[in-house]
Structure formats: structure tokens, C-alpha cells
Amino acid sequence: MSTVTPDPKPEQVALEETRDYRQMLDAVRLLGDAMGALRHRVSPQMAAGVAETENAWQRMDDEFGLLDGREVARISGSRQSTGGYANDRRKARSLLGVHRGNAYRYPGFQFDRRGHVYPSVQDVLGLALEFSVSDEDVAQWFLLEAPSLDGRRPVDLIGDADEVQAEFRDRFGAQW
């Protein structure tokens with residue numbers, strides 16, 4: 001027996017459309033202000049690329065969270081209540097941290113259920129240093145579908161350090 005989902009009420013539809021319209025107006029205004037502050041022109045391709053990158057950060061945050069240092073300390077079981085724990089680990093290349101806004105954020109996908117960083121992430125961080133790949137590119141790479149992984153993403157295999165490391169080498173370690 002199938003269930004029929006009732007159509008949303010007209011008031012709800014109107015509220016959602018109004019919210020979407022206001023968000024669009026905010027985006028247009030803020031993007032216009034940012035582009036107007038530049039002293040040079042920006043190509044449509046560059047603007048689209050920046051927008052897609054920001055959307056990718058939003059998707060990462062929505063799916064896994066972009067944690068602050070205090071949240072990292074808490075889930076990792078650290079006795080430090082400040083962001084110093086995460087910052088120290090980031091500097092030691094044992095934790096993936098990305099610069100967002102005026103602070104570092106730590107993608108939630110790198111932590112297992114016990115709050116430990118997956119070995120595959122630590123392996124990739126070492127390779128990233130060797131291959132001169134930024135931590136921001138590493139974080140985004142984990143969420144990219146890979147043809148060699150049959151459309152899966154490295155994050156989907158995060159528990160398999162060997163496979164993740166091999167995929168990273170294939171992507172960034174090629175020498176021409």
C-alpha cells in the first residue's frame with residue numbers, strides 16, 4: 001500500500017518562496033558589494049568558480065560539520081577547553097584544519113566514533129606536504145567523486161588507509 005504525500009499548504013509554499021527570494025537578494029547584494037570592492041574586473045568563469053567552491057564548503061559543513069577547536073577538543077577527549085589542542089595537532093600535521101573566515105575549522109569526517117583521527121587522514125596529510133597540496137585542497141579532495149573509485153569519494157573509504165593513500169598518490173603524486 002502506498003502512501004500519498006499531501007501537497008504543502010499554500011501558506012507554507014509562500015513562506016518558502018519568500019525565504020528563497022530574500023536569500024537570493026542577499027546573495028546578489030553581497031556578491032555585488034564584494035565584486036565592487038575589487039579594483040579589477042572578474043570574469044564570469046572566475047565568479048562561478050568561487051561560488052562553486054563556497055557551495056562545496058557549505059555541503060561539507062552540512063554533511064559532516066566544520067568544527068571549531070573547542071569542539072575538536074571535546075570530541076577527542078582532551079582536557080583542554082580551548083582551541084589550542086586542535087591548533088597544536090594541526091601544526092603537527094596530525095589533524096586536518098582549513099582556514100575559513102578568520103579561524104581554523106576541522107572537517108568532521110576525519111574523526112571516528114571515538115573521536116580519533118582516521119589514520120588515512122594522517123597519511124594523506126603527510127603526502128600533501130610532500131606534494132605541496134594545501135589543506136583546503138585536501139579537505140575538498142576527500143569529497144570528490146573519483147572515477148577510479150567507481151564514483152565513490154575518498155571519504156566513503158576513509159577507514160581503508162591503503163586505498164585512500166593510493167587514490168591520493170594517483171591524483172596528486174603524478175610526475176610529468
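**Stop 1: a salt-bridge network**

Select Asp-156 to begin: this residue is partly exposed, because its relative accessibility is 43%. (Buried means under 20% relative accessible area, exposed over 50%, and partly exposed in between, with a 1.4 Å probe and protein chains only.) Before you click on, note that this is a predicted model, where local features need pLDDT of at least 70 and side-chain atom pairs count only at pLDDT 80 or more, while totals for chains, interfaces and linings use all residues. Residues are numbered from 1 along each chain as its sequence is written, and side-chain values use heavy atoms, with hydrogens and water left out.

(A salt bridge here is a side-chain nitrogen of Lys or Arg within 4 Å of a carboxyl oxygen of Asp or Glu.) Is Arg-153 buried or exposed? Arg-153 counts as buried, because its relative accessibility is 16%.

Next, bring in Glu-63, whose side chain forms a salt bridge with Arg-153 at 2.9 Å, N to O. This pair ties together distant parts of the chain: Glu-63 sits in helix α2 and Arg-153 in the loop between α6 and α7, 90 residues apart. (Helices are DSSP runs of H or I with at least four residues, strands are runs of E with at least two, and both are numbered from the N terminus.) Glu-63 is partly exposed, at 46% relative accessibility. Show the three residues together and you have a network of salt bridges: Glu-63, Arg-153 and Asp-156.

**Stop 2**

How many salt bridges does the structure hold? There are six. For another one, select Arg-93 and Asp-135, whose side chains meet at 2.9 Å, N to O. Arg-93 is partly exposed at 22% relative accessibility, whereas Asp-135 is buried at 12%.

**Stop 2: the sheet**

Switch to cartoon view and pick out β1, β3 and β2. In that order they make an open sheet of three strands with antiparallel pairing. Strands β1 and β2 are at the edges with a single partner strand each, so one side of each has no neighbour in the sheet. (Two strands pair if DSSP finds at least two bridges between them.)

- Select 66–67 (β1) and 103–107 (β3): two bridges join these strands. Leu-66 has Pro-107 as its bridge partner, and Leu-67 has Tyr-106.
- Select 98–100 (β2): three bridges join this strand to β3. Here His-99 stands opposite Tyr-104.
- Click on Gly-101, in the hairpin of β2 and β3, which has two residues between the strands; Gly-101 takes a positive phi near 65°.

**Stop 3: the nonpolar core**

In soluble globular proteins, nonpolar side chains tend to be buried together. Select Val-72, Phe-109, Val-138, Phe-142 and Phe-168: these have the most contacts inside the largest nonpolar core, which has 34 residues. (A nonpolar core is a set of buried Ala, Val, Leu, Ile, Met, Phe, Trp, Tyr and Cys residues joined through side-chain atoms within 4.5 Å.) Elements that each supply at least two residues of this core include α2 (44–64), β1, α3 (69–76) and α7 (161–172). Which helix gives the most? That is α5, with six residues.

Zoom in on Val-138. Not counting residues up to four places away in sequence, Val-138 touches Leu-96, Val-124, Ala-128, Val-133 and Phe-168. (Contact means heavy atoms within 4.5 Å.)

From there, hop to Val-133, in the loop between α5 and α6. Val-133 is buried, with a relative accessible area of 10%. Leaving aside neighbours within four places in sequence, its contacts are Ala-128, Val-138, Phe-168 and Phe-172.

**Last stop: a nonpolar surface patch**

(Patches are made of residues with over 30% relative accessible area and no salt bridge, with like charges joined within 9 Å and nonpolar side chains, namely Val, Leu, Ile, Met, Phe, Trp and Tyr, within 5 Å; accessible areas come from the Shrake-Rupley method with a 1.4 Å probe, and for residues only the protein chains shown count as cover.) Met-24 is in helix α1, residues 10–36, and is partly exposed, with a relative accessible area of 45%.
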